[in-house]
Amino acid sequence: MTETVVELRRATKKYAGVPAIDGVDFMLERGEIHALVGENGAGKSTLTKVMAGVVTLTSGQLLVEGEPVMLATPLEARQKGIAMVFQETSLVPTMTVAQNLYLGQEAFFNRLRGVYISAQQFLQSLNFDVDPTATVGMLGAAKKQMVEIARAVLHKARVIIFDEPTASLTPEEKKYFFDLVLSLQKRDVTVIFISHALEEALLLADRITVLRDGKHVVTDLKRNFDRARIVKAMVGRDLSQTLYGQRKTHVRSPGECLLSVRNLRMSSVVKNNSLSVFAGQVTGVFGLVGAGRTETFKVVAGLIKRDFFHGGEVLLRGKPVRYRVGRHAVRDGIAYITEDRKLEGFFETMSVAQNIYMGLLGKVGGAFRMVSRARAKEVGARWGELLKVRATSKDMKVIELSGGNQQKLVIAKSLVQDPDVIIFDEPTRGVDVGAITEIHAEINRLADAGKAVVVISSYLPEVMALSDRILVAKQGKVVVEFSAIEATQEGIMYAAIH
Amino acid sequence: MLPTLREWRDQLLGRGGAAITVPVMDGALKPNRILDEAAVVAELPGLDDIASDGAHLVASAGPTLWRLDGDTPVELRRFDAAVTAIALGAQGRVAVALAGQRVLVLDDGGAELARLDTLGAERLHAVNALAFDREDALLVSDGSLRFAPAQWCHDLMTRGHSGRVARWRFGSAGVELLAQGQRHAFGVLAQDGAVLHSESWRHRVMRTDARGTQPLLAELPGYPSRLAAAADGGFWLTCFACRTQLVEFVLREDAYRRRMVAEIDPRYWIAPALSSGQSFLEPLQGAGVKSMGVLKPWAPPRSYGLVIKVAADGRIERSLHSLVDGHHHGVTAVAEHAGALYVASKGSGRVLKVVQP
C-alpha cells in the first residue's frame, strides 16, 4: 500500500490573471522518485514552488500527509519536511560554502573552524569535490549546484524538490547526483525532479508526470513511457525524429579557415590550446566542466584576456587579433552567445525589441550614435519574428519570458550583428524541447549560409546531432578531433576523460 | 615603432614573431594513420626521391636509380655520386642531380643530353628537387649555397636564406632565376603556366607566374618539401618534418643555438629529424607525452610523416599522416602512378603505396 506524502487537488495559480497552473491534480507517494517534465512555461516550476511554499495557490488545495495546509513561506515548507533546490541557486555569493550550508542553523557561539570541519565531512560523505572554505561567488555553476543539493540534504528534508538539478553538471557529476538521489530514496526520502533531459527521467524516475500549458497531461509509471511518448505528451506533436534522433550521414565540407587559435594560455584553465574553425561548418566542442572550452572562446571574443606573457595567438582570417573589449570582436564579426543568459545575456527589465536593438548598437555604435525607438521596434519585431520569440505583448520584459524564449532572444541579439563566426555556449541549457528544435534549426541554417558556427555543449547527443566536426577538450586543451560520421559517444567520452 | 624596439617588445611579451606558436593540425590536416597502414612496396636504404612519367616509376636511393613498377625493385643505373633529385620527362628523358652540385639530363638510352653546374655566378650547391617544365626546360631547386642537401638541418639551425629556384632551358642553355634568398628552397612543380616552389623554413609554397611571386600556401604546420602533380589538377605536397614549439623556441634563441651547433653532435640537436628513436641521447620523440603507457598521437613530434593534398586554388583537401608512434616518417617525395600514390619515406627507407579513395 503506497502512502501519499503530498497531494494537490484542482490546484490553480494565476499571475496577473494568467494561469501558470490550471486545475492540476498531483499525488506524490512516499519514497518515490518522481520526474516532472514539460516545455518551458508548462507550469512545472510553479507546481513545485507551491509545494515548497514559495508561492501560494489561487485556488485548489495542498495536502501534506493527508492534512490540508497553506504553506506561506519556504520556512514553513521546510518545517513540514519539504525542501527545494532551485534552478537559479539561492546561495549567498559572498559567503563561503560552509557558511551557506549552515546558514540559519548557526550556534550561538559560532566557531568557523568547526563549521568548516563539519562541512568538509558532510561534503565528503556525499562525494562532492567542493572546498568548504571557497567563496560561493567564485564557484562555477556545477559546484554551486552541488552546494545547493548538499544544503537540502543537510536539512534532513523528507521531500526534496530539484529544479533542473543536472543542467550544469558534467556526466561524471551527474552520475554522482543519480547515486545521491538513489541513496536518498533508500533513506525513505521522496524526490521530485524537474528535467529537460528526458533520458534522466527515464533512467531515474519511478513515475513521470507530464505537464503542458499549465495543465496535467499524464502521470504514469516509468515502464509505460518511452522517449517518443513523453515528447508527444509534452508538445502535443511528434518531435522524436527531429531531436537528436537521426545520426548524421554527411557532413558539410569546410570552407575558409576563419578562426585559428594557437597555443593559447589563460591562467591554469586554458593550457596551450589550439584549434581551427571553418566557414560553412558546425564545429562542436565537447568536454567536461573545467576543460577550458568557455574560457578559450571568451578569450577569442575579447571577454576575458589571455596570459600577458607568451599567451599564444588568435588569428582571424589569418591575421593575429587580440581584443581588449568584446565590442572590438563584435566589430570584426565574432559573436559569443553566453551559457549564462541570465547573468550575461540580456537586460532583464528591458523589452525584447530593446534588447535586440542593443545588440545592433554593439556592432554599429560609435561615440555619437543615434538611438531610434522606431528603429529599435522595427529591428526587434523583425528578429523576434525570425527566431519565433514568443512574447504576449511587444513591451513584455525579458524576465517574464520562458527560458526557451529568453535563449532565442539572446541568439537574436547576437545574430542582428551579422557575425561571421558565431559561438554558441550551451545553446539549449534550460530550454524546452520545442525551443531546442527551433534553436538547432537556426544553428544549421547559419552553417548552411556559410557562417562559421561553434557549438560548445556538455550534452553529447546535442554535439553529435549538430556538429560536422567534433573537438574534444580535456584539461585546458583540445585533445582530439572527430568527424561527425566517425564519432561515437563512447569514443568522445573516452577522449574527454582519459 | 622602430623594428628593433618592436622586436625587443615581442621578445619580452611573446608576441608577433616571438609568439612561439605553431599552426594547428586539424580540419583537413587532422591526424590519421594512412601512411602507417600503407602497403610497403620496397625497402631501399638511402631512399630520397621518387618520380613517375605515367609509364614508369623511378626512385633514387644513394647513388642508384631504381625502377619500381614491377614486383621487385630493379636497378636502373648507378652514378658516381649520391642522387639528390630526379625528374622524369617526355620521350623517356630523365633528369638527375648528383651530390647537389650538378644536374644531368639523360635521354631514354642513358646518354647525357645536357649538364648544368652553375646558376648565374654561383655554382650549384644543394640541388634537392627537379621538375620538367614543358619539353625543353627543367625547374631546379637549389636549397642552400652553404650546405649540402644532407646538411639541411645545419641550414635550418643557422637560419640559412640562400636558396634559389631557376628555370633551365637545357635546349638553349639559358637559365632564368625565378627566386633567390629563399629560406631553403625544396621542391618545384610546373602547373598551369606557373611555377610552384616550396620554402621550407618559412613553411610556405610560393606561386611564380607572369604577375610575380605570391604565397599559395602559408603557415603550414610542417617543413614543406617536394611537390608532385595530382591527376585532378591539384598537387601533392610532402612535409619532411613537423613544426614544434620547442624547435621554434630554439630558433629564436641565438646564443643557445650557436653553442648547440658548435658543440653538439648534429644527431642530438633539438631540431626536426627524418626519423627518431635510434639513440637514448637524442631528444625524446613526442616529448615523452604518455598517458596510461600510450604515446599520445597529438604529442609534439621530433619526426613525423605528412603528405598534404592541395587543390589547384591552394585549399588543403586532405592529408596523410604517420603519427609520432608510427614508422613512416621523413616523407620527402610522392608520385601518382597507375591510380595509386607512391610515397618515399626517407626516414624509414621505405616506398609506400596508398590506394586513393
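Author: What follows looks at one helix pair in chain A, then at the rest of that chain and at its partner.

This is a predicted model. The part to look at is the pair α12(A) and α13(A). Helix α12 covers residues 352-364 of chain A, and helix α13 covers residues 373-386. Two packed helices are described by the angle between their axes and the distance between the axes. Here the angle is about 100 degrees, and the axes are 8 Å apart. Angles of 65 to 115 degrees count as roughly perpendicular. That makes α12(A) roughly perpendicular to α13(A).

Which residues of α12(A) meet α13(A)? They are V352(A), A353(A), Q354(A), I356(A), Y357(A) and L360(A). By class, the contact of the two helices holds 9 nonpolar, 3 polar and 1 charged residues.

Now the chain around this pair. Chain A has 17 helices and 20 strands. Its radius of gyration is 23 Å, close to the 23 Å that the globule rule gives for 498 residues, so chain A is as compact as a globular protein of that length. Along its principal axes, the C-alpha trace of chain A spans about 70 × 50 × 50 Å. Of the 498 residues, 51% count as buried. Take the contacts in chain A with a separation of 6 or more. Residues 24 or more positions apart account for 69% of them.

Strand β1 (residues 4-15) runs antiparallel to strand β4 (residues 59-64), and 5 bridges join them. In this pairing, R9(A) stands opposite Q61(A) of β4(A). β4(A) also pairs with strand β5 (residues 67-69) of chain A. That pairing is antiparallel too, with 3 bridges. L63(A) has P68(A) in β5(A) as its bridge partner. β4(A) and β5(A) form a hairpin with 2 residues between the strands. In that hairpin, E65(A) takes a positive phi near 50 degrees.

One loop residue of chain A also deserves a look. R306(A) lies in the loop between α9 (293-300) and β14 (313-316). Is R306(A) buried or exposed? The cut-off for buried is 20 or more other C-beta atoms within 10 Å. R306(A) has 23 such atoms within 10 Å, so R306(A) is buried. Leave aside its neighbours within four places in sequence. R306(A) is then in contact with L264(A), R265(A), M266(A), V299(A), G311(A) and G312(A).

Next, the contact between the chains. It takes 18 residues from chain A and 16 residues from chain B. The chain B side that touches chain A divides into 9 nonpolar, 5 polar and 2 charged residues.

Chain B itself has 5 helices and 28 strands. The radius of gyration of chain B is 20 Å, close to the 21 Å that the globule rule gives for 357 residues, so chain B is as compact as a globular protein of that length. The C-alpha trace of chain B spans about 60 × 50 × 40 Å along its principal axes. Of its 357 residues, 46% count as buried. Among contacts in chain B with a separation of 6 or more, 49% come from residues 24 or more positions apart.

Chain B has a hairpin to inspect as well. Strand β18 (residues 204-209) and strand β19 (residues 212-217) of chain B pair in the antiparallel sense over 5 bridges. V205(B) stands opposite L217(B) in β19(B). The hairpin of β18(B) and β19(B) has 2 residues between the strands.

Last, a loop residue of chain B. E282(B) sits in the loop between α5 (254-263) and β22 (290-291). E282(B) has 18 C-beta neighbours inside 10 Å, so E282(B) counts as partly exposed. Its neighbours within four places in sequence left aside, E282(B) is in contact with R267(B), Y268(B) and S276(B). E282(B) and V103(B) are 35 Å apart in space, C-alpha to C-alpha, and 179 residues apart in sequence.

How values were computed. Residues are numbered from 1 along each chain as its sequence is written. Chains are lettered from A and ligands numbered from 1 in the order in which they are written. This is a predicted model: local features need pLDDT of at least 70, side-chain atom pairs count only at pLDDT 80 or more; totals for chains, interfaces and linings use all residues. Helices (H or I, at least four residues) and strands (E, at least two) are DSSP runs, numbered from the N terminus. The radius of gyration is taken over C-alpha atoms; the globule rule is 2.2 Å times the number of residues to the power 0.38. A residue is buried if 20 or more other C-beta atoms lie within 10 Å of its own, exposed if 12 or fewer, and partly exposed in between; C-beta atoms are placed from the backbone. Two residues are in contact if their C-beta atoms, placed from the backbone, lie within 7 Å. Two strands pair if DSSP finds at least two bridges between them. Axes are lines fitted to C-alpha atoms, for helices over the stretch in contact, and angles run from 0 to 180 degrees between N-to-C directions. Angles under 35 degrees count as roughly parallel, over 145 as roughly antiparallel, 65 to 115 as roughly perpendicular and the rest as oblique. Ala, Val, Leu, Ile, Met, Phe, Trp, Tyr, Cys and Pro count as nonpolar, Asp, Glu, Lys and Arg as charged, and the others, Gly among them, as polar.
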